[in-house]
Amino acid sequence: MNWGGLQSLLSGVNKYSTVFGRVWLSMVFVFRILVFVVAAQRVWGDDSRDFVCNTAQPGCVNVCYDHIFPISHIRLWALQLIFVTCPSLMVVAHVKLREGKDSKYTAMHEGSHLYAHPGKKRGGLWWTYLVSLIFKAGFDAGFLYILYYVYEGYDMPRLSKCSLEPCPNTVDCYISRPTEKKIFTIFMVVSSSICIFMCICEMVYLICKRIQKTIRKKVVESHEMTARRSRSKSSVREDPTNTASIQNLCNVKTEEAPSEKKK
């Protein structure tokens with residue numbers, strides 16, 4: 001496995017993530033990918049070879065193994081990790097697209113930039129990041145449901161009954177190291193649940209922060225509008241000609257009043 005490529009990919013995604021996103025990446029890389037590669041593959045490496053049934057009927061063991069293990073845990077977890085990490089590439093691709101547009105715009109407009117910060121989660125990038133979180137949580141939840149539905153729970157029984165053809169009767173089949181496999185299964189399920197919880201927390205954080213910015217913007221705009229109105233009212237002045245004409249009319253009236261009294 002190319003650890004350098006994986007590390008560069010995760011570090012590239014990590015630059016544009018929030019605190020919850022960084023915790024999610026640490027969970028995926030340390031508690032899921034490393035455990036999957038280092039330990040889980042070795043635990044399930046002998047599942048078909050050491051699967052034993054108390055019968056010598058040809059084909060019975062293969063049929064019972066296929067019935068008890070319709071899909072291998074290792075292959076299911078590998079698909080889960082691929083599907084869960086792919087949505088993060090959407091964010092990286094969107095940022096690279098912004099950087100390309102910004103470089104072309106800078107070359108055409110003599111140094112001016114189209115985006116001040118291409119990696120800032122604003123506009124379309126915010127929606128891309130939110131959609132990637134929805135996909136990551138949805139994929140994890142979907143694979144957990146598939147694992148629960150296929151194996152009827154997350155338990156690993158020591159003894160399984162099988163009565164399928166060509167078995168002559170109901171035979172007992174035994175799984176190798178069932179306790180160890182159960183522990184790893186529960187560990188992977190718990191780590192996936194924590195990743196889902198972190199995605200939900202990050203979605204709530206992004207939405208609340210967006211609402212807070214919108215409210216702040218509206219409050220600032222309302223303050224600016226009131227300030228402009230108060231300035232416009234204070235800047236209105238009375239016309240001096242109107243004041244002088246009113247004063248002249250008052251003087252004329254006062255002069256006419258004593259003349260009428262003399263008559």
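## Ground rules

Buried means under 20% relative accessible area, exposed means over 50%, and partly exposed sits in between, using a 1.4 Å probe and protein chains only. This is a predicted model, where local features need pLDDT of at least 70, side-chain atom pairs count only at pLDDT 80 or more, and totals for chains, interfaces and linings use all residues. Residues are numbered from 1 along each chain as its sequence is written, and side-chain values use heavy atoms, with hydrogens and water left out.

## A buried charge pair

Let's start with arginine 32, which counts as buried because its relative accessible area is 1%. Aspartate 140 is buried too, at 0%. These two form a salt bridge, with 3.0 Å between the closest N and O atoms. The term here means a side-chain nitrogen of Lys or Arg within 4 Å of a carboxyl oxygen of Asp or Glu. A search of the whole structure turns up four of them.

The Asp140 pair links distant parts of the chain: aspartate 140 is in helix 5 and arginine 32 is in helix 2 (residues 19-43), 108 residues apart. Helices (H or I, at least four residues) and strands (E, at least two) are DSSP runs, numbered from the N terminus.

## Helix 5, end to end

Does the length of helix 5 agree or disagree with its residue count? It has 28 residues (124-151), so at 1.5 Å a residue it should span 40 Å, and the end C-alpha atoms, 41 Å apart, agree with that. The expected span is 1.5 Å times one less than the number of residues. Just past the helix, glutamate 152 takes a positive phi of about 55°.

Lysine 161 pairs with aspartate 172, and their closest N and O atoms are 2.6 Å apart. Lysine 161 counts as exposed because its relative accessibility is 54%, whereas aspartate 172 is buried at 16%.

Glutamate 180 and arginine 177 also form a salt bridge, with 3.7 Å between the closest N and O atoms. Glutamate 180 is partly exposed at 30%, and arginine 177 is partly exposed at 37%.

Ile207, Ile211, Ile215 and Val219 make up a nonpolar surface patch, with about 330 Å² of accessible area together. Patches take residues with over 30% relative accessible area and no salt bridge, joining like charges within 9 Å and nonpolar side chains (Val, Leu, Ile, Met, Phe, Trp, Tyr) within 5 Å. Accessible areas come from the Shrake-Rupley method with a 1.4 Å probe, and for residues only the protein chains shown count as cover.

Isoleucine 207 lies in helix 6 (residues 178-235), and at 37% relative accessibility it counts as partly exposed.
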